[in-house]
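Here is a short briefing to read beside the sequence and the structure. It goes from the inside out, topic by topic.

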Amino acid sequence: MPPQEKHDHDTLKFPPDFLWGAATSAYQVEGNNLNADWEDFKSAGKACDEYHLYEKDFCLAKQLNHNAHRLSIEWSRIEPEQGKFDPEEIEHYVKMLKYLKSLKMTVFLTLWHFTLPKWVAKLGGWENRATIKYFEEFVKRVVPELAEYVDFWITLNEPGVYIYETYIRKEWPQLKKSFLGQIKTTLNLASAHKRIYKFLHQSFPAGKPIGIANNVLSFESYHKHSILEQAAVSLNDLAANHLFYFLTKGTHDFLGINYYFHVRFTTHGLVPKQVNLLQQTHDVSDLGWEIYPEGLFEVLTDLSDDIPIYITECGIASTNDDRRNRFLIAYLQEVFRAIRAGVNVRGFFYWSLIDNFEWHRGFDPRFGLIEVDYTTQERKIRPSALVYTDIIQHNGIPHSLLRFLGHTVDAEEVLEKRYKEIIKGK
Ligand code: GCO
């Protein structure tokens with residue numbers, strides 16, 4: 001009997017046609033993106049060489065029962081010099097997406113995921129108003145060739161994170177602390193999204209849904225009675241989770257949500273500050289990010305609207321795969337609760353399918369369902385990938401997994417024999 005029938009009465013069931021997959025981005029996995037601004041800052045080198053190994057990676061996703069995949073194209077490959085488009089690179093992406101479709105995957109394609117061609121960066125990047133036009137020209141050139149193989153468009157990835165890392169923390173190129181830079185970039189990214197939204201709908205009337213992937217955080221005040229702390233929560237929530245949607249109102253067919261962070265505020269004197277209770281109270285990832293599944297429920301109910309929600313990223317950096325097992329079960333349980341509470345969640349993409357280049361932090365953080373050996377480019381399926389497969393097969397969380405919350409997941413015990421064989425590479 002197929003597993004979904006066997007456990008039906010004993011499973012936290014997700015809606016029919018729920019999309020289950022994983023996400024990546026071009027610069028983080030492809031390798032040799034020599035014309036990208038990040039090359040001169042912190043190069044991803046050969047990364048996971050997915051540029052050449054995409055068939056293998058997509059097949060693994062298929063083997064793991066994913067029915068959807070989120071990925072991006074690299075602008076700097078396609079237009080290495082202003083106005084000079086490389087037809088071979090466009091052809092590469094056509095082949096890649098065609099291949100993904102041949103595996104019957106629903107494709108979410110991100111058009112911009114953080115990196116810029118060097119020539120765009122030299123002209124000021126997103127701070128420069130002209131970049132809206134440059135981006136539009138790139139999109140107009142490339143989209144007609146790819147459209148057939150794309151089911152959902154994501155115009156931009158995490159505008160807020162990009163602005164924070166670039167213009168507030170000065171960690172990413174343009175490496176520039178600038179308030180004006182923040183404002184200009186926010187407005188330019190919002191205009192770019194609106195224009196692309198219009199273009200995609202006008203040019204392809206049978207239009208595929210369009211949205212962005214937005215990083216949303218769960219904010220909380222330490223003292224519930226403190227008005228100052230509550231104000232800090234409201235302001236931050238507004239700026240990080242709602243502002244970009246306000247600026248681009250009416251141009252989202254779905255909400256794409258990336259969830260990683262929980263932030264608590266407390267007051268020191270008159271100024272609310274972020275507190276870090278992690279070490280004492282909570283499990284953390286290898287990056288020190290708090291594991292706080294409840295926050296996913298909170299942001300989902302907060303953002304719930306008429307349009308469908310896709311969780312376009314959610315994942316954990318950990319070399320302790322058992323932690324990833326618990327993460328998946330606990331976070332997906334919160335997604336289930338949100339759906340029960342009436343939130344229209346239609347899909348979940350684990351970040352990431354494979355280990356990859358984590359921006360300024362390099363290759364140490366291990367987010368993958370699949371482990372990558374960066375010297376040999378070998379891929380190895382982690383047991384947690386199969387716990388996720390088990391969930392996908394049931395289209396929900398079987399009780400056999402739920403009982404592991406708060407405990408070590410005994411993958412040997414819980415996974416079916418054929419899964420164990422996959423781990424052993426049979
Ligand atoms: C981001 C991106 C991804 C990251 C992932 C883990 O949030 O920065 O969308 O590129 O790798 O979120 O940090």
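The largest cavity is lined by Tyr260, Ser285, Trp289, Glu290, Ile291, Gly315, Ile316, Ala317, Phe327, Tyr331 and Phe367. Its volume is about 70 Å³. Keep in mind that this is a predicted model.

- The protein holds three cavities of 30 Å³ or more.
- The largest pocket has a volume of about 1500 Å³.
- Its lining counts 49 residues, and the closest to the pocket centre are Val161, Tyr164, Asn215, Leu217 and Phe261.
- Which elements each supply at least two residues of that lining? They are helix H8 (159-168), H9, strand S6 (210-221), helix H10 (227-247), strand S7 (255-268) and strand S8 (271-275).
- H8 gives the largest share of the lining, with seven residues.

**Overall make-up**

- The secondary structure comprises 17 helices and 13 strands.
- The protein has 426 residues, and 59% of them are buried.
- Take the contacts between residues at least 6 apart in sequence: 75% of these join residues at least 24 apart.
- The accessible surface is about 17600 Å². Carbon and sulfur atoms account for 52% of that surface.

- Phe179, Ile183 and Leu187 make a nonpolar surface patch of about 300 Å².
- Leu187 sits in helix H9, which spans residues 179-203.
- Leu187 counts as partly exposed because its relative accessibility is 44%, between the 20% and 50% limits.
- H9 is also among the elements that supply at least two residues to the lining of the largest pocket.

**The loop between H2 and H3**

- Asn32 and Asn35 both belong here: Asn32 is in the loop between H2 and H3, and Asn35 is in the loop between helix H2 (26-29) and helix H3 (50-63).
- Asn32 is not a glycine, yet its phi is positive, at about 55 degrees.
- With 39% relative accessibility, Asn32 counts as partly exposed.
- Is Asn35 buried or partly exposed? Its relative accessibility is 34%, so Asn35 counts as partly exposed.
- Beyond residues up to four places away in sequence, Asn35 touches Ser76, Pro80, Leu116, Pro117 and Lys118.
- Asn35 and Glu74 are 39 residues apart along the chain, and their C-alpha atoms are separated by 9.7 Å.

- Lys104 lies in the loop between helix H5 (87-102) and S4.
- Phi of Lys104 is positive, near 65 degrees, in a residue other than glycine.
- Lys104 counts as exposed, at 66% relative accessibility.
- Thr106 is in strand S4, residues 106-112.
- Thr106 counts as buried because its relative accessibility is 18%, and buried means under 20%.
- Neighbours within four places in sequence aside, Thr106 is in contact with Leu19, Asn67, Ala68, His69, Lys101, Asp151 and Phe152.

**Helix H13**

- Asp322 belongs to helix H13, residues 321-340.
- Is Asp322 buried or exposed? With a relative accessible area of 15%, Asp322 is buried.
- Asp322 and Pro383 are 61 residues apart in sequence. From C-alpha to C-alpha, Asp322 and Pro383 are 8.3 Å apart in space.

**Cis peptide bonds**

- Where does the chain carry a cis peptide bond to Gln174? The bond joins Pro173 and Gln174, and omega is about 15 degrees.
- Gln174 lies in the loop between H8 and H9.
- Another cis peptide bond runs from Trp351 to Ser352, with omega near 15 degrees.
- Ser352 is in the loop between strand S10 (345-351) and strand S11 (370-373).

Terms used:
Residues numbered from 1 in each chain as written. Predicted model: local features only at pLDDT ≥ 70, side-chain atom pairs only at ≥ 80, totals over all residues. Heavy atoms only, no water. Patch = residues over 30% accessible without salt bridge, like charges linked within 9 Å, V, L, I, M, F, W, Y side chains within 5 Å. Areas by Shrake-Rupley, 256 points an atom, 1.4 Å probe, with all protein chains shown as cover. Salt bridge = Lys/Arg side-chain N within 4 Å of Asp/Glu carboxyl O. Helix = DSSP H or I, 4+ residues; strand = E, 2+ residues; numbered from the N terminus. Buried < 20%, exposed > 50% of the residue type's maximum accessible area, 1.4 Å probe, protein only. Contact = heavy atoms within 4.5 Å. 1 Å grid on protein atoms, 1.4 Å probe; cavity = no way out; pocket = protein on both sides within 12 Å on 5 of 7 lines; lining within 4 Å. Points joined across faces, edges and corners; volume = space filled by probe spheres on them.
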